Amino acid sequence: MALLDVSDLHVAYGAIKALQGITFTIGEGEIVTLIGANGAGKSTSLRTISGLLRPVQGSVCFRGVDLTRMSVDKIVKLGISQVPEGRQIFPKLTVRENLEMGAFTRRDRNEINDSMERVFSSFPRLKERLHQLGGTLSGGEQQMLAIGRGLMSRPTLLLLDEPSMGLAPILVEEIFSIISQINSEGVSILLVEQNAAMALSVAHRGYVLETGKVALQGDASALLANPQVQEAYLGEG
Amino acid sequence: MGYQAGMIGTQLSNAQKRDWRLVVLAVGVALVLLGYLLPMYPNYITGAQTTYSDNSTVSLSFPTLINRQLYTQTTPPKDAETTAVSIQVGPARYLWGSGFGWLFQALNTNNLEQVASFVTCLLIPLLALIPAAWVLGRAWASPNGLCARSISAAFSVAFFAPAAMLCSWLHQIDFSGLLLALNRPYLLPSLGFWVALAGSILLVVALYGLHRELECQAFTWWALVAAVAIVAWLLVKTKPQPYLEIWQYIEDGIWVTLRIVVISFIFILIVSLLGGLGRVSKSPVIYGIASLYVELLRGIPLMVQLLFIWFALPQLFDALGGLVLRLYGLVDWEFLSSAGVKLQELRLSPFTAAVTGLTICYGAYVSEIFRAGISSIHRGQMEAARSLGMTYMQAMRYIILPQAVRVILPPVGNEFVMLLKDSSLVSVLAVSDLTRRGREYMARTFLSFETWILVALCYLVLTLFASRVVEYIEARTTFES
């Protein structure tokens with residue numbers, strides 16, 4: 001059984017149909033990426049999984065538990081953590097406080113400190129900035145903080161919404177190598193990206209969304225080699 | 001202008017020393033000094049005689065008169081009617097007529113406290129010269145150039161110099177007889193007065209220019225609060241008849257006003273927190289109720305709302321009580337009878353009615369401020385908080401509201417100042433607030449001018465003080481961001 005099963009998902013913003021029946025799965029320990037143009041429904045899928053949006057039709061099952069009627073905070077407690085688009089760290093809290101907020105659902109101090117140490121081993125830069133206010137960090141550091149905060153709830157599935165947004169290419173590479181590293185420690189990842197080349201290079205499998213539907217799917221390497229994908233999203237061919 | 005920035009902390013170049021602001025400042029200082037040497041008030045009221053119907057007379061002379069006591073009011077209370085008031089005006093000898101002459105005469109009288117306000121008014125322009133001269137001295141001679149703080153201080157004091165000049169004139173001709181005196185050409189101030197006034201205005205212009213150019217600390221508005229308070233205090237102290245009496249009469253009104261405002265404000269904050277949360281709620285019912293409340297209550301004038309609560313609400317209670325009693329006739333439950341009677345007899349006290357009215361009306365306005373503050377926080381913050389496992393209310397409490405407070409605080413502070421002023425409307429509800437006490441006193445004595453000037457000054461001190469506090473809080477919160 002897959003870790004996450006999304007089947008025939010329909011989501012609408014009022015009269016606008018953002019998702020028109022998409023189906024995909026994420027296996028245990030996988031990195032799966034959703035790529036596509038603006039408005040294809042990538043972020044919408046992600047926000048529906050985390051419970052911020054309610055589907056009109058279809059289901060989202062996490063280890064066999066239906067998430068579609070569950071509130072956001074309950075979904076987090078099941079082990080799904082979202083790193084929102086645009087980072088959305090808490091600007092008036094220090095790096096340390098931001099990370100502690102990530103462990104909001106947990107109570108055991110020792111375990112929380114362990115998790116924080118693990119975040120620091122992935123992002124040594126955060127440790128240097130420990131007492132700095134979140135809002136004063138650079139864009140790359142804020143993204144690291146947002147991912148670190150997402151990891152603080154010890155998720156089994158991490159939802160990443162456009163982690164490369166607004167970052168310099170060198171930082172994007174750094175972030176993506178850390179994403180691979182986090183995955184190698186056993187966290188499954190659903191990655192939503194506009195930067196298709198980068199996303200497919202770290203992912204195991206990928207889905208290409210077009211206007212609310214899955215247009216293509218397959219192994220990441222196969223998608224990278226696919227001429228259609230290359231033309232539409234990789235600027236090649 | 002780039003070179004101006006170098007005027008603080010480093011020695012000024014020759015070109016900078018000839019900066020127009022410094023030149024104007026020097027001219028201003030010279031003009032004030034010159035003006036005080038020239039004849040300022042060439043004539044003055046040498047004496048006044050009040051004749052009563054029993055043929056007794058009371059005479060007053062300088063400096064009792066300079067204290068602008070009404071000739072009719074300074075006399076000990078008499079049963080007799082006033083039949084005539086004659087005023088003698090005489091020329092002041094050249095030296096005595098100058099600003100320094102007047103100051104010397106006033107300071108030399110035996111009853112100095114009676115002329116304290118006049119002396120203060122004459123002294124302020126001279127006092128303003130000291131920091132102004134200090135600024136000039138630093139500009140021209142100091143190796144360290146100008147200092148921002150001294151410019152701020154000089155500007156704050158200079159600001160009051162022209163006002164003090166005008167006040168000193170009003171003292172001289174008697175405030176209450178202003179219109180009368182304007183018809184007497186010989187009581188108009190002469191050359192020295194206008195020269196000193198022009199000089200003091202130049203001081204303000206020059207220092208304001210320096211102030212703007214060098215981006216000094218903001219004008220110390222606390223000085224204005226202090227000045228207004230001092231004016232009120234001087235009135236009460238130097239002219240106890242009638243100001244002390246008015247003060248004693250309206251003093252408790254100040255406390256009533258403050259109590260109403262503070263208690264209403266606490267309720268307003270609670271109501272508007274709920275209102276603001278309602279306005280951002282996704283539930284259509286809660287959103288609808290909150291929006292209806294905000295839209296309706298903002299559309300009705302506060303005065304009408306207060307009158308409704310005071311006059312119309314008892315009728316509503318009466319009707320409701322009647323309804324409950326009729327229900328009692330149908331179902332015969334004992335508690336309905338007592339509840340119905342209680343409802344029929346329910347009357348809000350003036351104080352409760354006032355607090356209720358202000359809370360309901362201002363709650364609607366401040367709700368909108370809360371809503372705007374909450375909406376100003378990026379929606380992603382709520383989603384980020386939710387995806388960390390917080391419930392909607394937890395996210396509001398720990399993430400959204402703490403950030404929104406920084407946005408909400410300044411406008412809410414302004415609403416507090418507005419509330420302070422609008423609280424004067426509750427005087428129609430038989431609440432003995434500051435305004436009401438003023439009206440009562442005026443109705444008794446017909447001293448409309450004196451009463452309302454003191455009431456206005458009291459409100460001014462309160463509101464200016466509150467605005468300063470709001471500004472201070474505002475500066476603190478923006479500094480942190």
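Mentor: Start with confidence, as this is a predicted model. Chain A has a mean pLDDT of 91. In that chain, 99% of the residues reach 70 or more. Strand 7 (residues 157-161) of chain A has the highest mean pLDDT, at 95. Helix 10 (residues 227-233) of chain A has the lowest, at 85. Where pLDDT is low, predicted coordinates should not be read in detail.

Now turn to chain B, which holds your helix pair. Chain B contains 19 helices and three strands. It has 481 residues, and 37% of them are buried. Take the contacts in chain B between residues at least 6 apart in sequence: 78% of these join residues at least 24 apart.

Here is the pair itself. Helix 15 (residues 350-376) of chain B packs against helix 17 of chain B, and their axes come within 8 Å. The two axes cross at roughly 145 degrees. The crossing of helix 15 and helix 17 of chain B is right-handed.

Look at the residues next. From helix 15 of chain B, the contact includes Leu358(B), Tyr362(B), Tyr365(B), Val366(B), Ile369(B) and Phe370(B). Gly373(B), Ile374(B) and Ser376(B) also belong to the helix 15 side. Helix 17 of chain B answers with Ile400(B), Ala404(B), Val407(B), Ile408(B), Pro411(B), Val412(B), Glu415(B) and Leu419(B). By class, the residues of this contact are 14 nonpolar, two polar and one charged.

Follow helix 17 of chain B onward. The loop between helix 17 and helix 18 (434-445) of chain B holds Ala430(B). Ala430(B) is not a glycine, yet its phi is positive, at about 65 degrees. Ala430(B) counts as partly exposed because it has 13 C-beta neighbours inside 10 Å.

Across the boundary between the chains, 13 residues of chain B are in contact with 19 residues of chain A. Helix 16 (379-386) and helix 17 (392-422) of chain B each supply at least two residues of the chain B side. Helix 16 of chain B gives the most, with five residues. By class, that side of chain B has four nonpolar, seven polar and two charged residues.

Arg63(A) lies in the loop between strand 4 (57-62) and strand 5 (65-66) of chain A. Its phi is positive too, near 50 degrees. Arg63(A) is partly exposed, with 14 other C-beta atoms within 10 Å.

Key:
Residues numbered from 1 in each chain as written. Chains lettered and ligands numbered in written order. Predicted model: local features only at pLDDT ≥ 70, side-chain atom pairs only at ≥ 80, totals over all residues. pLDDT = per-residue confidence, 0-100. Helix = DSSP H or I, 4+ residues; strand = E, 2+ residues; numbered from the N terminus. Contact = placed C-beta atoms within 7 Å. Nonpolar A, V, L, I, M, F, W, Y, C, P; charged D, E, K, R; others polar. Buried ≥ 20, exposed ≤ 12 C-beta atoms within 10 Å, placed from the backbone. Axes fitted to C-alpha atoms, helices over the stretch in contact; angles between N-to-C directions. Left-handed = near helix turned anticlockwise from the far one by under 90°.
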